[in-house]
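Good morning, and thank you for making time for this item. I would ask you to keep the sequence and the structure in view while I speak.

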Amino acid sequence: MKGKVERKGGSGSGLFLMEMIVVVFFFVICASQCILAFATSERMSRQGKDLNQAVTMAESIIEVWKAEGSDGLAGRLGFVSESMAGPDGSQVYVLKLNEKWQPADGQAEENTRMARIEIREESGMSEAVVTMENPLGLPEIAYRKEAAELLPDSGGRIVFKLKAEKYERFSE
Amino acid sequence: MQQKREQRGQIMGTLFTMLLFLVFVMCALFTVLAGGKVYENIGRRMADNYTGSVALQYIANKIRQGDEAGMARVIEVDDTSVLELSQDFESGRYISWIYYYDGSIRELFTRQDSGLGLSDGIPILECEGLSFTQDGRLLTVETAGEGGGRLLLSLRSAGGTK
């Protein structure tokens, strides 16, 4: 009789163990979903901050170009002219940026963020396209889904593109 | 002997269960801590965006609204750089001052000769610092602090006088 009672006690502990395993298993599934959500929100927040900084810098570049043209881009921000002309014979200038999307002041490494401006002039009208680019091999901040569809050729590298136009003043 | 073995088995079972429970508690704690950290990061970035972007865009819009010849300029009032945007109404000239004072960006809209000062402006948003510099047509707006940013604006009116 005594043996029977003891065996019953042991089977209760086993049941409790089974219950614990089921609970832990359930918890692991929930926790993995939570951690996935945390990681996604962290990445989205980082992308949002990146985009904000890139947009602000792109706006500044366009404003400098509108006020002072390509001389201002070189003098104020440190843009360097690329030897190869862009498509449609446009003049291309590039600027290395740091991780806050600010001019890197010459101390940047090879693989950095870049701002590229393509300037094209046609019958008194000047058009500039500023492209804010991520360095190669930085896939965690590459754009996906709708944002990537807007920039199909970028392969996730282009963060933001801004186009502006202005009339050039002709000296008489 | 048999009883002893059963007792040991029971202790081991309980111990294992307790250990499993401990792992459960530790994982729950870790998940909550990770969530808290992510929430903190997102909150910090939102605050950074607020000072680095919202403040700059607000000021940029104000400048674009009031960008008339001789009506937008940067002045110094009590060692504080102030952006002054003027507007002419029938009753006289009114000015909008945008500046940093006492932990926030403030705006003061008043008659030019009202005699009101920096402390009379309405706080718009909290910030760690704000400065304006003007060089010809280019106006630089800079916010200070962790999420601070810089925006260059070209004055369409060329910053001339009216």
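I shall take the two chains in turn, then the contact between them, and close with confidence.

This is a predicted model, in which local features need pLDDT of at least 70 and side-chain atom pairs count only at pLDDT 80 or more, while totals for chains, interfaces and linings use all residues. Residues are numbered from 1 along each chain as its sequence is written, and chains are lettered from A and ligands numbered from 1 in the order in which they are written.

Let me begin with chain A. Its secondary structure comes to two helices and five strands; here helices (H or I, at least four residues) and strands (E, at least two) are DSSP runs, numbered from the N terminus. From that terminus on, the elements of chain A run α-β-β-β-β-α-β.

Two strands pair if DSSP finds at least two bridges between them. Within chain A, strand β3 (residues 113-122) and strand β4 (residues 125-133) pair in the antiparallel sense over nine bridges. A:Glu122 has A:Met125, in β4(A), as its bridge partner.

I turn to burial. A residue is called buried if 20 or more other C-beta atoms lie within 10 Å of its own, exposed if 12 or fewer, and partly exposed in between, with C-beta atoms placed from the backbone. On that basis, 23% of the 172 residues of chain A count as buried.

A nonpolar core is a set of buried Ala, Val, Leu, Ile, Met, Phe, Trp, Tyr and Cys residues joined through C-beta atoms within 7 Å. The largest such core has 51 residues, and those with the most contacts inside it are A:Ile61, A:Ile117 and A:Met132. Its largest share, ten residues, comes from helix α1 (residues 2-77) of chain A. As general background, nonpolar side chains in soluble globular proteins tend to be buried together.

For contacts, the criterion is that the C-beta atoms of two residues, placed from the backbone, lie within 7 Å. Leaving aside neighbours within four places in sequence, A:Met132 is in contact with several residues, among them A:Ala54, A:Trp101 and A:Phe160.

A:Trp101 is found in the loop between β2 (91-97) and β3 of chain A. Is A:Trp101 buried or exposed? It is buried, with 24 other C-beta atoms within 10 Å. A:Trp101 also has a positive phi of about 60 degrees, although it is not a glycine.

A:Leu51, in helix α1 of chain A, counts as partly exposed, with 19 C-beta neighbours inside 10 Å. Apart from neighbours within four places in sequence, A:Leu51 is in contact with A:Val159 and A:Phe160.

Now to chain B. One helix and eight strands make up its secondary structure, and along the sequence chain B follows the pattern α-β-β-β-β-β-β-β-β. The radius of gyration of chain B, taken over C-alpha atoms, is 30 Å, well over the 15 Å that the globule rule gives for 162 residues, so chain B is more spread out than a compact globule. That rule is 2.2 Å times the number of residues to the power 0.38. The C-alpha trace of chain B spans about 105 × 30 × 25 Å along its principal axes.

In chain B, B:Asp79 lies in the loop between β1 (72-77) and β2 (80-89). B:Asp79 is exposed, with 5 other C-beta atoms within 10 Å, and has a positive phi of about 60 degrees although it is not a glycine.

The contact between the chains takes 28 residues from chain A and 30 residues from chain B.

Finally, confidence. pLDDT is the predictor's confidence in each residue, from 0 to 100. Chain A averages a pLDDT of 78, and 74% of its residues score at least 70. Among the elements of chain A, helix α2 (residues 145-150) has the lowest mean pLDDT (54) and β2(A) the highest (90). Over residues 1-9 of chain A, pLDDT stays under 50. Where pLDDT is low, the predicted coordinates should not be read in detail.
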